[in-house]
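Reader: I have a structure to read and some terms to sort out. Please go through them with me.

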Amino acid sequence: MSNLAPDARAGPAESNDPAVPTLQQRLMASGLERPEGDRTPIPGDDTSKLAMTQKRVDKGDAVATKTLGDWYYYGMLGLAKNVSRAIELWTEAAELGSIDAHYQLGDSYYYGDGIEEDKPRGIHHWQQAAMEGDTESRNKLGDVEYDNGNYQIALQHYMISVKMGYERSLYGIKEMFKEGHATKAQYAEALLGYRDAVGEMKSPQREEAKRLAR
């Protein structure tokens, strides 16, 4: 089992009621489809972008709050680079339901980027995003479990994101197959799942799937 149990800030403790799904069960049963993106247009010039985005932030718009955080993080649109402010805004955006903000906070806390490293908290944010269909966060969870030797859990995460068309997870399963941590049948399942997700499989992947099926 993973030794990366969430700390007190990562959410409520797991229930002892056997009828209540565990976090691991919720993770593997949720987020199996990609989320719908926000497509609200924004003006072209920097001053108008900032003004309109700030108005949306003031109204509690999750996407705008995440976007403003990005601009502070990278020092864009004339804003001074301010990672602490970016993390504050991403935290607000995550509380408002931004999946992208959860992913970004996962990276920041897990790797200590602009804030004190807190791996359990980073994993918590990736879990929240993964359960809403974020493939990058799902792949990160697979990486964490792989690094901790929890190969079957890692495989489950990778398989979910592969079947949603995330190619990096396909490479992860390929490496696990080479190392003996995934079976030929599991790798073939990943190849075919990826093909179905993207609609048309590239020729090398098609041929490899056929070879594994023999």
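Reader: Why are α5 and α6 called roughly antiparallel to each other?

Author: This is a predicted model, where local features need pLDDT of at least 70, side-chain atom pairs count only at pLDDT 80 or more, and totals for chains, interfaces and linings use all residues. Residues are numbered from 1 along each chain as its sequence is written, and side-chain values use heavy atoms, with hydrogens and water left out. Helix α5 (residues 99-111) packs against helix α6 (residues 119-130) at about 160 degrees, with the axes 7 Å apart. Angles over 145 degrees count as roughly antiparallel, so α5 and α6 are given that name.

Reader: What makes the pair of Y110 and W126 tilted?

Author: Rings of Phe, Tyr and Trp (its six-membered ring) pair if their centres lie within 6.5 Å; planes under 30 degrees apart count as stacked, over 60 as edge-to-face and the rest as tilted. Y110 and W126 have 5.0 Å centre to centre and 40 degrees between the planes, a tilted pair. Y110 lies in α5 and W126 in α6, so the pair ties together parts that are 16 residues apart in sequence.

Reader: Why is the pair of Y146 and Y151 called edge-to-face?

Author: The planes of Y146 and Y151 are at 65 degrees and the ring centres 5.4 Å apart, so the pair is edge-to-face.

Terms used: Axes fitted to C-alpha atoms, helices over the stretch in contact; angles between N-to-C directions. Helix = DSSP H or I, 4+ residues; strand = E, 2+ residues; numbered from the N terminus. Parallel < 35°, antiparallel > 145°, perpendicular 65-115°, else oblique.
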